[in-house]
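Dear colleague,

I am handing over the structure below, and my notes on it follow. Please read them with the coordinates open.

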Amino acid sequence: LQLLLKATLLQLASGSHHPFYNGFYYNHIMNDKDNGQDKVDYFNGAKLVVETSKDPVYSYNGANVTLPCHYRYEPDLGPKRKIRIKWSKLRDDYTKEQDVMVAIGKTYMAFGDFKGRAHIHQASRHEASLVISDVRLKDDGKYRCEVIDGLEDESDVVDLRLQGIVFPYQPPRGQYKLNFHEAEQVCQDQGAILANFNQLFQAWSEGLDWCNAGWLADGTVQYPIRLPRKPCGGLHLAPGIRSYGPRHRHLHRFDAFCFSSALKGEVFYLDRLAGMTLEEAKQSCQDAGAEIARVGQLYSAWKFLGLDRCDAGWLADGSVRYPIATPRANCGPAEPGVRSFGFPSKGRFGVFCYTER
């Protein structure tokens, strides 16, 4: 190690162009006589190669998922060596990566929200795959698999994408009232998280068209347009995702694009002949051993379970909505979707409840 460090410093200081490659260790060192005459020693180590899936790995909320990662040496070194494996999650805003876990041999340690949910899968030689159990909404994103063998350090990135639904959200007090941190909170209150760009783009490709700008997880403000029109960027712009770019997270105010995935439970509808107030609706759900459903849960039930109900019902945020999977007369527009009556201050309706399985 001392010779290698000395060689590296001499290489930088001399400015000479003897070959050096981190995969095969071509080291420029002085000879033992120290007479000013250099010689080059070649250490033919093996090149370390790390590979993950080139295609995204898809999962959903509450599932177990394996993120594949394998490494190899060129040329092959034979018996398995004791190496260090590190997994980290790349953040949407490109700040410092989040540590997921580290492992040496059969000893490993998971960090933060991944404690008790993450471990290394090593079913075959040179495997370093990551298993995440009970997948959560915020697990969606890019993960780095890093393999460290002595001075060798190579990595590759795999993309975990949750199957879910993006829905626009504005609070009872109206349009463009949320700064970034408030947008994060209202999505969480609705059983969701702020959507990232990939999730919004997927929703746009599936037909989402929404003219109000909303926060995304990376602090940018964007909105999806399928049918160009004057109030939404102009008639002559192509369909696509309109972007305001990064905005000030405290001062600027917009709506939010929230993301929810599959449910661990079910959403069901309750009603009384005369309807219910919001407080009566909450109590009815509790009496049924459930809780009043959140907006994200209703969207998920509509998207993944085909929930179809042409009866308006209260939700936890004080809004009144109903999900239509099969459009029909007297049930709103001709397209499937979750219809909204807004946030009525008066009125009596049914209620959508949610219960865990």
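Counting the bonded cysteines along the protein chain, the disulfides follow the pattern 1-2, 3-6, 4-5, 7-10, 8-9. Please bear in mind that this is a predicted model; a search of the whole structure finds 5 disulfides, and I describe some of them here.

Cys 187 and Cys 258 form a disulfide with their sulfur atoms 2.1 Å apart, and since Cys 187 lies in helix α2 (residues 180-189) and Cys 258 in strand β19 (residues 255-261), the pair ties together parts that are 71 residues apart in sequence. The torsion about this S-S bond is about -80°, so the disulfide is left-handed. Cys 187 is buried at 0% relative accessibility, and Cys 258 is likewise buried, with a relative accessible area of 0%.

A disulfide also joins Cys 310 to Cys 331, with an S to S distance of 2.0 Å; Cys 310 lies in the loop between α5 (295-305) and β22 (313-314), and Cys 331 in the loop between β23 (320-324) and β24 (337-340), so parts 21 residues apart in sequence are tied together. Here Cys 310 counts as partly exposed at 26% relative accessibility, whereas Cys 331 counts as buried at 4%.

Turning to the strands, an open sheet of 3 strands has the order β5-β11-β10 with antiparallel pairing. Because β5 (65-67) and β10 (118-121) stand at the edges, each with a single partner strand, one side of each is left without a neighbour in the sheet. β5 is joined to β11 (residues 129-132) by 3 bridges, and Val 65 stands opposite Ile 132 in β11.

Key: Residues numbered from 1 in each chain as written. Predicted model: local features only at pLDDT ≥ 70, side-chain atom pairs only at ≥ 80, totals over all residues. Heavy atoms only, no water. Pairing = 2+ DSSP bridges. Helix = DSSP H or I, 4+ residues; strand = E, 2+ residues; numbered from the N terminus. Disulfide = S-S within 2.5 Å. Buried < 20%, exposed > 50% of the residue type's maximum accessible area, 1.4 Å probe, protein only.
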